[in-house]
Amino acid sequence: MSKKTNYSYIGIAFIILVFGIIFIPRIVDRISNDDITRQESRSNLKEEVSKKSDLVFIPNGDTFRKVPEFSFVNQNGKIITNKDYEGKVYVIEFFFTTCPTICPRMNRNLIQIQNEFEGFEDFGVASFTINPDYDTSEILKDYAEKYGVTNPNWHLMTGDKDAIYKLSNEGFYIYAAANPDIEGGFEHSGNFALIDKNGFIRSRVENGNPIIYYNGITSESEKTDEDGKAEEISALKEDIKKLLNE
């Protein structure tokens, strides 16, 4: 064997040695830190899948039902629009501060929900008064303090009566109307609507159909309402968590 051949083998061996010294530790380090591209892809896919919830969108013709545009004044005298809720999961209610029947129950439940999600900057509540002639920003502020509203994304809003009623009855199909013949002078639904970060109305499915709204009157501690129907506050909490993770 010639000296030239020996030199070639020595050169190849040297290259292999250098490769091992430089690159093998890097490969081992990447493996130990799960940094291989395939593993990254699988991990990202798994994370993406985990963000999908089973909450459905509500059909509206060829599209899905979404929060209509609105602009009202909150308890602090600030103009609030639907854009202030973009990127947030939130609950919608229609109420009035002098309501002698269901509103106190609804808002106690919302306070409980607020406290459950304390510290979540992407969670909020939108409360629209159906008696804006009386419920000024000052009245709403006192009401918020009385009930313990602390979430900065919980806006109690007042404004043009016709706009509020249109938003309620046509925008959300949550019934509200003035009625001087009943206690309190107004009648309205006790339902809550759940909105995702993109402004779409979302809900869980029961018996093959979306429930669309959540009963906001019956509390978790009450278990069932007067008709024996199970409370839905616990379900609402579960579904808020799902949307926050989307």
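This passage describes the fold, confidence and selected residues of a predicted protein model.

The structure is a predicted model, in which local features need pLDDT of at least 70 and side-chain atom pairs count only at pLDDT 80 or more, while totals for chains, interfaces and linings use all residues. Residues are numbered from 1 along each chain as its sequence is written, and side-chain values use heavy atoms, with hydrogens and water left out.

The chain holds six helices and 15 strands. Helices (H or I, at least four residues) and strands (E, at least two) are DSSP runs, numbered from the N terminus. Of the 246 residues in the chain, 41% are buried. Buried means under 20% relative accessible area, exposed means over 50%, and partly exposed lies in between (1.4 Å probe, protein chains only). The chain exposes about 14300 Å², and carbon and sulfur atoms supply 52% of that area. Accessible areas come from the Shrake-Rupley method with a 1.4 Å probe; for residues, only the protein chains shown count as cover.

The mean pLDDT (the predictor's confidence in each residue, from 0 to 100) is 86, and 80% of the residues reach 70 or more. Strand S8 (residues 154-157) has the highest confidence, at 99. Helix H2 (residues 37-50) has the lowest, at a mean of 41. Residues 1-25 stay under 50 in pLDDT, and the model gives this stretch four contacts beyond four places in sequence. Over residues 30-50 the pLDDT is also below 50, with seven contacts in the model beyond near neighbours in sequence. Where pLDDT is low, predicted coordinates should not be read in detail.

Two packed helices are described by the angle between their axes and the distance between the axes. The axes of helix H3 (residues 102-116) and helix H6 (residues 233-244) come within 11 Å. They cross at roughly 35°. Axes here are lines fitted to C-alpha atoms, for helices over the stretch in contact, and angles run from 0 to 180 degrees between N-to-C directions. The crossing of H3 and H6 is right-handed, a term used when the near helix is turned clockwise from the far one by less than a right angle. From H3, Asn109, Gln112, Ile113 and Glu116 take part in the meeting. Their partners in H6 are Ile233, Leu236, Lys237, Ile240 and Lys241.

Ser53 lies in the loop between H2 and strand S1 (56-57). Ser53 counts as partly exposed because its relative accessibility is 21%. Beyond its neighbours within four places in sequence, Ser53 contacts Arg202, Lys242, Leu243 and Glu246. Ser53 and Leu243 are 190 residues apart along the chain, yet their C-alpha atoms are separated by 7.0 Å.

Two cysteines were examined for burial. Cys99 is buried, because its relative accessibility is 6%. Cys103, at 0%, is buried too. The whole structure contains zero disulfides, defined as pairs of cysteine sulfur atoms within 2.5 Å.

Positive phi values occur in two loops. Asn207, which is not a glycine, has a phi near 55°. Asn207 sits in the loop between strand S13 (205-206) and strand S14 (209-210). At 80% relative accessibility, Asn207 is exposed. Lys223, also not a glycine, has a positive phi of about 75°. The loop that holds Lys223 runs between strand S15 (214-215) and H6. Lys223 is exposed, with a relative accessible area of 57%.

Terms used: Contact means heavy atoms within 4.5 Å.
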